[in-house]
Amino acid sequence: VQLQASGGGLVQPGGSLRLSCAASGRIFSINAMDWYRQAPGKQRELVATIVRGGTTNYADFVKGRFVVSRDAKNTLYLQMNSLKPEDTAVYYCKARVGGTDYWGTGTLVTVSS
């Protein structure tokens, strides 16, 4: 499975962005997909998860602001609203196939006025 994230950029506080993560390869074997982020000097942290049946889960720090979704081609999305400066990070997507994790490239989100 290959993953390519896109959609990052510079946005003002309170603004919105939508990230995408295009999957290719054995996409029909994907059990779950996640968004992670890593801010400068900090550890990578889980942001949101969507499993095969569509159930979603969010980190407390994004609940009510971010929405994760996935389309029929297993393109993963992260709609980010009410962005805060502390959301600044490189965002990564991950796909889980059996016991193997596949990581995508990162996309930088900068929230600043």
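This is a predicted model: local features need pLDDT of at least 70, side-chain atom pairs count only at pLDDT 80 or more; totals for chains, interfaces and linings use all residues.

Select arginine 44 first. Arginine 44 sits in the loop between strand S4 (32-38) and strand S5 (45-51).

Next, display the surroundings of this side chain. Which residues is arginine 44 in contact with, leaving aside its neighbours within four places in sequence? They are Tyr36, Arg37, Gln38, Tyr92 and Trp103.

Now move to the interior. In soluble globular proteins, nonpolar side chains tend to be buried together. Here the largest nonpolar core has 32 residues, and Trp35, Leu78, Met80 and Tyr91 are the members that touch the most others. Colour the elements that give two or more residues to this core: strand S1 (2-6), strand S3 (17-24), S4, S5, strand S7 (66-70), strand S8 (76-80), strand S9 (89-97) and strand S10 (100-111). The largest contribution is that of S9, which gives five residues.

Centre the view on tyrosine 91. Not counting residues up to four places away in sequence, tyrosine 91 touches Leu19, Trp35, Tyr36, Arg37, Val47, Phe66, Leu78, Met80, Thr105, Gly106, Thr107 and Val109. Tyr36 and Arg37, included in that list, are also among the contacts of arginine 44.

Return to the whole chain and switch to a cartoon display. The protein has zero helices and 10 strands, giving the pattern β-β-β-β-β-β-β-β-β-β along the sequence. Among contacts with a separation of 6 or more, 52% join residues 24 or more positions apart.

Along the principal axes, the trace spans about 40 × 25 × 20 Å. The radius of gyration is 13 Å, which agrees with the value near 13 Å for a compact globule of 113 residues.

The protein exposes about 5900 Å², of which carbon and sulfur atoms supply 49%, while 42% of the 113 residues count as buried. Colouring by charge shows 13 positive and 7 negative side chains, with the centres of the two sets 5 Å apart.

Key: Residues are numbered from 1 along each chain as its sequence is written. Side-chain values use heavy atoms; hydrogens and water are left out. Helices (H or I, at least four residues) and strands (E, at least two) are DSSP runs, numbered from the N terminus. The radius of gyration is taken over C-alpha atoms; the globule rule is 2.2 Å times the number of residues to the power 0.38. Buried means under 20% relative accessible area, exposed over 50%, partly exposed in between (1.4 Å probe, protein chains only). Contact means heavy atoms within 4.5 Å. Accessible areas come from the Shrake-Rupley method with a 1.4 Å probe; for residues, only the protein chains shown count as cover. Lys and Arg count as positive and Asp and Glu as negative; His and the chain ends are not counted. The place of a charge is taken as NZ of Lys, CZ of Arg, CG of Asp or CD of Glu. A nonpolar core is a set of buried Ala, Val, Leu, Ile, Met, Phe, Trp, Tyr and Cys residues joined through side-chain atoms within 4.5 Å.
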